[in-house]
Amino acid sequence: MNRIVEKINLSELVVKLSIEAPEIAKKRKAGHFVIVKIGKKGERIPLTISQADEHSGTITLIIQKVGTTSHKLAALEPGDHVTDLVGPLGHATHIENKGTILCAGGGVGIAPLLPIVEALKEAGNKIILVLGARSKDLIILEDEIRKVSDEVVIMTDDGSYGQKGLITKGMEDVIMKNRIDLAYAIGPAIMMKYCSLLTKKHAIPTIASLNTIMVDGTGMCGACRVTVGNKTRFVCVDGPEFNAHEVDFDELLMRLGAYKEEEYSSFKEYSQAIK
Amino acid sequence: MISENEGSVNKRNEPWRQELRSRLKAKERSLIARVKMPEVDADERSKSTVEVNIGLNAEIARREASRCLDCVNPACIEGCPVGIDIPRFVKYIEAGEFLNAARTLKETNSLPAVCGRVCPQEIQCEAKCIYAEKMNKEPVAIGHLERFAADFEQQSGKIHIPEITGKNNLKVAVIGSGPAGLSAAGDLVKMGYNVKVFEALHELGGVLKYGIPEFRLPNSIVDVEIESLKKMGVEFETNIVIGKTLTFEDLKNEGYKAFFVGSGAGLPNFMNIPGEDYNGILSSNEYLTRVNLMGASQSDYDTPVLKGKHVAVIGGGNTAMDSVRTAKRLGAERAMIIYRRSFDEMPARKEEIKHAKKEGIEFLNLHNPIKYNADKDGRVSSAILQKMELGEPDSSGRRRPVPIPDSEFEIAVDLVIVSVGVSPNPLIPQSLSELNTTRWGTISVDEEYLQSNISGLFAGGDIVRGGATVILAMGDGRKAAAGIHKYLQNGFGK
Ligand SMILES: Cc1cc2nc3c(=O)[nH]c(=O)nc-3n(C[C@H](O)[C@H](O)[C@H](O)COP(=O)(O)OP(=O)(O)OC[C@H]3O[C@@H](n4cnc5c(N)ncnc54)[C@H](O)[C@@H]3O)c2cc1C
Ligand SMILES: Cc1cc2nc3c(=O)[nH]c(=O)nc-3n(C[C@H](O)[C@H](O)[C@H](O)COP(=O)(O)OP(=O)(O)OC[C@H]3O[C@@H](n4cnc5c(N)ncnc54)[C@H](O)[C@@H]3O)c2cc1C
Ligand code: SF4
Ligand code: SF4
Ligand code: FES
């Protein structure tokens with residue numbers, strides 16, 4: 001049982017929770033995630049550790065409400081407990097000074113991107129960050145991002161903030177004006193797919209952090225498998241970061257839909273139950 | 001009450017046993033027919049999670065126990081990896097001293113209610129019983145009797161908790177709460193150590209919980225055994241991944257002096273054939289974990305599970321049998337085993353195969369999938385199977401399956417469960433670069449005490465053997481506990 005100490009609503013759909021987890025706070029590095037379960041009958045879902053404070057023994061999770069478990073988590077208040085929390089899982093991001101790094105964060109993907117950008121910046125890289133969202137009110141963590149980036153480009157689908165257009169358009173502009181040594185893409189699978197196609201065209205090595213469905217997160221079930229470079233890899237123990245140009249994104253997109261009907265009916269039941 | 005006389009060498013000559021032997025002639029004993037385990041009707045059970053085997057009642061158990069000849073040289077004991085004193089516990093049953101029978105079991109086996117249910121007795125203790133080896137008759141039903149005695153103790157509420165004397169205040173960490181870890185913890189706590197078990201998942205029990213289904217091994221049975229360990233003083237902590245949440249270094253700093261790794265063979269194998277990543281194709285570990293650990297088949301649990309009308313399970317082991325019978329229980333119209341060899345080579349327990357047949361499972365033996373097709377949403381819709389025949393025996397001694405040319409055909413499936421073995425969980429070896437492993441990824445240990453190349457770090461169960469059995473894992477746990485004891489009592493050196 002881990003106690004929630006703080007909760008901030010970042011947008012209508014996104015909340016930030018600080019949770020007591022001293023061991024995890026001590027161990028975690030950028031790129032790590034945890035698995036969370038709410039209630040005895042809850043589901044296990046993976047969430048990136050967005051920030052951690054070793055001193056106060058807390059970690060921060062940023063959660064986008066999509067289905068039953070993320071809604072349940074977002075409904076918890078300070079003082080409430082998360083039933084099960086395990087981590088840090090996955091491989092930490094490989095951090096080194098590469099030169100100029102283009103980071104693309106889509107939607108809630110900004111949350112997992114933030115600690116990576118912090119670490120990359122600290123290692124001496126120049127950071128150009130392109131942030132994409134559907135509209136202004138879905139943009140999160142803008143201040144935090146600006147603090148650690150040399151340049152920030154904001155793209156919204158509806159033009160309500162920054163420039164109007166898809167994230168790839170913002171990235172392309174940056175690529176035209178700068179020599180980019182490495183790119184990161186974190187966000188919805190469909191966004192990562194198109195970011196990866198773009199950087200491939202420009203021969204920029206690119207890393208994506210994959211958000212597959214998971215169950216145990218310890219390499220035991222194979223639910224998280226993806227094809228990378230024609231090989232089957234498990235995101236929880238081999239990832240979550242991979243060479244984006246080798247990832248079979250179409251397969252990833254297909255597999256994310258595997259439980260769509262079941263998830264929808266679970267969410268319907270949950271929504272009715274809380275009414 | 002017959003007094004328990006622990007430590008005596010030849011318990012066979014105790015008066016109560018002599019008296020018991022004289023009650024019936026060996027000839028008469030051998031004429032009694034072996035008991036048939038009563039089971040829930042196949043139609044009824046294949047619609048629920050009720051345990052298939054009902055268990056013996058006292059009268060029937062005593063009759064079965066009276067078949068045992070209380071042999072001078074009981075070969076059955078050699079067939080048991082943990083060396084249970086089989087004739088003694090069986091004779092206690094015959095005498096009606098069921099609690100003493102349970103205690104006898106627990107001297108060497110901390111999970112008898114589990115082993116009585118899941119051991120492959122037909123190739124272990126029962127295979128060595130004189131009835132089977134020399135008399136060409138059905139062996140004494142040692143497994144059924146073991147379950148009877150252990151269940152009797154559990155239900156009596158008089159579970160024997162050994163008194164722990166001579167606590168030595170040395171801390172030992174056990175990694176993994178499967179049968180290997182539980183049995184190591186049980187032995188170590190009895191020797192006076194402060195034992196803490198760390199488990200990565202949110203539940204204790206390893207495969208006993210997340211793998212083996214309720215209809216074969218109810219979770220409550222495992223919980224009772226874990227409770228007993230807690231009463232003996234074993235501490236448990238869930239949601240801790242050793243190598244991630246805590247490292248061996250951390251544990252050393254917290255004062256742990258020795259380690260037992262029983263982290264199991266968690267990593268599922270796939271066949272790497274075209275189409276295997278379509279939706280609706282999953283490992284048996286994922287399928288069984290969703291259902292058994294996450295409660296996915298019950299509507300008030302959040303975790304979903306895919307249900308199939310036409311379900312194909314690839315493989316012939318216990319895991320395959322558990323998956324296919326689970327699929328049947330979740331409403332499959334056709335639940336099929338697809339196995340590339342014949343019935344004779346199937347590694348599953350014979351009883352499970354028998355039960356599966358009765359429940360209407362179809363067996364496509366000598367068949368192997370070579371490709372899957374999917375519908376437009378990427379959900380598997382059919383499998384291409386190839387027919388096989390048996391060739392020469394391979395290195396495992398089993399006849400090798402060879403494909404029959406041009407024998408491919410297509411069958412409709414909407415759920416495929418791949419059950420073709422597991423590999424050792426890589427988390428621990430990954431986190432300890434100096435640890436020696438084999439080329440299969442298992443941890444290398446010495447045979448006598450199961451110590452790895454890192455002094456003070458012992459390992460056993462599936463992480464050392466690859467996929468094996470519950471009782472072998474438990475035997476390893478005991479062996480390593482003895483090794484740890486020796487290691488710690490010899491002044492912390494190797
Ligand atoms: C390593 C890793 C790190 C992650 N970090 C974060 C994070 O920091 N913040 C965050 O909000 N989310 C993160 N995710 C995604 C998060 O795990 C899912 O959003 C969550 O599992 C959804 O659970 P649910 O019960 O609320 O929704 P469900 O009912 O399970 O799903 C609702 C809908 O979301 C889709 N979906 C299901 N799982 C995923 C998924 N993994 N990714 C995208 N869509 C999915 C389904 O197709 C469905 O349509 C991460 C995923 C991974 C693998
Ligand atoms: C479906 C199925 C059916 C089976 N049926 C039978 C049967 O009928 N009879 C039989 O004899 N055998 C059967 N087996 C095999 C038997 O279950 C295994 O051989 C046995 O469980 C191995 O025990 P173990 O203790 O080595 O590992 P496991 O039972 O696998 O337990 C290992 C535990 O360690 C935990 N762990 C792993 N890594 C870490 C870490 N880094 N930190 C903390 N914890 C960790 C895991 O989460 C797990 O709980 C079956 C197996 C399966 C999968
Ligand atoms: S533990 Fe297994 S092998 Fe040993 S006697 Fe019991 S059933 Fe037989
Ligand atoms: S070999 Fe068979 S008959 Fe003899 S003691 Fe063992 S169980 Fe009894
Ligand atoms: S989540 Fe189960 S193997 Fe990765």
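Predicted model: local features only at pLDDT ≥ 70, side-chain atom pairs only at ≥ 80, totals over all residues.

Let me begin where the two chains meet. On the chain A side, 42 residues are in contact with 42 residues of chain B, and together the two chains bury about 3,600 Å², of which 53% is on carbon and sulfur atoms. Of the area that chain A buries against chain B, Lys41(A), Met220(A) and Tyr259(A) supply 20%, more than any other three residues.

What about the polar side of this interface? The rule finds 19 residue pairs in polar contact between chain A and chain B, both residues of each pair being at pLDDT 80 or more, and it also finds four salt bridges across the interface. One salt bridge joins the side chains of Lys27(A) and Asp250(B), with N to O at 2.3 Å. As for which elements take part, those that give two or more residues to the side of chain A that touches chain B include helices α1 (22-27), α8 (249-256) and α9 (260-274) as well as strands β14 (225-228) and β15 (231-234). The largest share of that side, six residues, comes from β7(A). Sorted by class, the side of chain A that touches chain B has 15 nonpolar, 12 polar and 15 charged residues.

Now to ligand 3, which is surrounded by 13 residues, the closest being Cys80(B), Cys119(B), Gln124(B), Cys125(B) and Glu146(B). By class, the shell around ligand 3 has nine nonpolar, three polar and one charged residues.

Turning to salt bridges in general, the count over all chains comes to 51. One of them pairs Arg45(B) with Glu359(B), whose closest N and O atoms are 2.6 Å apart. Since Arg45(B) lies in helix α3 (residues 42-45) of chain B and Glu359(B) in the loop between α18 (350-358) and β9 (362-365), the pair ties together parts that are 314 residues apart in sequence. Both Arg45(B) and Glu359(B) are buried, and both belong to a network of salt bridges whose members also include Glu39(B), Arg216(B), Asp322(B) and Arg349(B).

A second salt bridge in chain B is formed by Glu237(B) and Lys196(B), with the closest N and O atoms 3.0 Å apart. This pair also links distant parts of the chain, with Glu237(B) in strand β3 (residues 235-237) and Lys196(B) in strand β2 (residues 194-198), 41 residues apart.

Last, helix α16 of chain B, residues 284-293, has 10 of its 10 residues buried, so the helix is largely enclosed by the rest of the structure. Among these buried residues are Glu286(B), Tyr287(B) and Arg290(B). Just after α16(B), Gly295(B) takes a positive phi of about 65 degrees.

Conventions. Residues numbered from 1 in each chain as written. Chains lettered and ligands numbered in written order. Heavy atoms only, no water. Contact = heavy atoms within 4.5 Å. Buried area = accessible area lost by both parts, 1.4 Å probe. Polar contact = N/O pair within 3.5 Å; in protein donor to acceptor, adjacent residues only side chain to side chain. Helix = DSSP H or I, 4+ residues; strand = E, 2+ residues; numbered from the N terminus. Nonpolar A, V, L, I, M, F, W, Y, C, P; charged D, E, K, R; others polar. Near = heavy atom within 4 Å. Buried < 20%, exposed > 50% of the residue type's maximum accessible area, 1.4 Å probe, protein only.
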